[in-house]
Amino acid sequence: MLREVEAARPEFVVDVHDRLSWSVGFSPEPQQIHEWLEKYLKSGNYRRVAVAENVKGQIVYRWNSDAADYSPVSEPYICVYQRKL
């Protein structure tokens, strides 16, 4: 799957940070996926364009420059990355 994603070069990548995402803890593969994704997104080909998180029961969205360097304060959270054109 990882090689297929690299070959497809998707325009958008959605990264879901949730303790149950990919069944982390049940097998070693989810950790490999997370490590690969972090490396893939930091390759310089993608930029973060959105963050959504639950802060004290309120869903908070950050877009574009507000999302680029933002560090989420809660879990779960979602980050959306766009391929640089």
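Helices, of at least four residues, and strands, of at least two, are DSSP runs numbered from the N terminus. The model toured here is predicted.

**First selection: the largest pocket**

Select Asp 15, His 17, Glu 38, Lys 42 and Tyr 81, the residues that lie nearest the centre of the largest pocket. The space in this pocket is about 240 Å³, and its lining comprises 14 residues. Next, colour β1 (12–17), α2 (29–41) and β4 (77–83), each of which supplies at least two residues of that lining. Which element gives the most to the lining of the largest pocket? Helix α2 does, with four residues. Sorted by class, the lining holds seven nonpolar, three polar and four charged residues.

Keep Glu 38 and Lys 42 on display, as both are among the residues nearest the pocket centre. These two side chains form a salt bridge, in which the closest N and O atoms are 3.4 Å apart. Lys 42 is exposed, because its relative accessible area of 65% lies above the 50% limit. Glu 38, at 48% relative accessibility, counts as partly exposed. Side chains of opposite charge can pair when their charged atoms come close.

Now select Val 13, Tyr 40, Leu 41, Tyr 46 and Tyr 81, which have the most contacts inside the largest nonpolar core, a group of 14 residues. Helix α2 and strands β2 (46–55) and β4 each supply at least two residues of this core. The greatest share comes from α2, with five residues. In soluble globular proteins, nonpolar side chains tend to be buried together.

Centre the view on Tyr 46. With neighbours within four places in sequence left aside, Tyr 46 is in contact with several residues, including Val 13, Tyr 40, Leu 41 and Tyr 81. Its contacts also include Arg 9, Pro 10 and Glu 11, as well as Gln 82, Arg 83 and Lys 84.

A salt bridge joins Glu 6 to Arg 3, with 3.1 Å between the closest N and O atoms. Arg 3 counts as exposed at 56% relative accessibility, whereas Glu 6 counts as partly exposed at 31%. The structure holds two salt bridges.

Most residues other than glycine have a negative phi, and most peptide bonds are trans.

- Arg 9, in the loop between α1 and β1, has a positive phi near 45°. Arg 9 is partly exposed, with a relative accessible area of 48%.
- Asn 64, in the loop between β3 (58–63) and α3, has a positive phi of about 50°. Its relative accessible area is 47%, and Asn 64 is partly exposed.
- Pro 76 lies in the loop between α3 (65–68) and β4. The peptide bond from Glu 75 to Pro 76 is cis, with omega near 10°.

Key
Residues numbered from 1 in each chain as written. Predicted model: local features only at pLDDT ≥ 70, side-chain atom pairs only at ≥ 80, totals over all residues. Heavy atoms only, no water. 1 Å grid on protein atoms, 1.4 Å probe; cavity = no way out; pocket = protein on both sides within 12 Å on 5 of 7 lines; lining within 4 Å. Points joined across faces, edges and corners; volume = space filled by probe spheres on them. Nonpolar A, V, L, I, M, F, W, Y, C, P; charged D, E, K, R; others polar. Core = buried A, V, L, I, M, F, W, Y, C linked by side-chain atoms within 4.5 Å. Buried < 20%, exposed > 50% of the residue type's maximum accessible area, 1.4 Å probe, protein only. Contact = heavy atoms within 4.5 Å. Salt bridge = Lys/Arg side-chain N within 4 Å of Asp/Glu carboxyl O.
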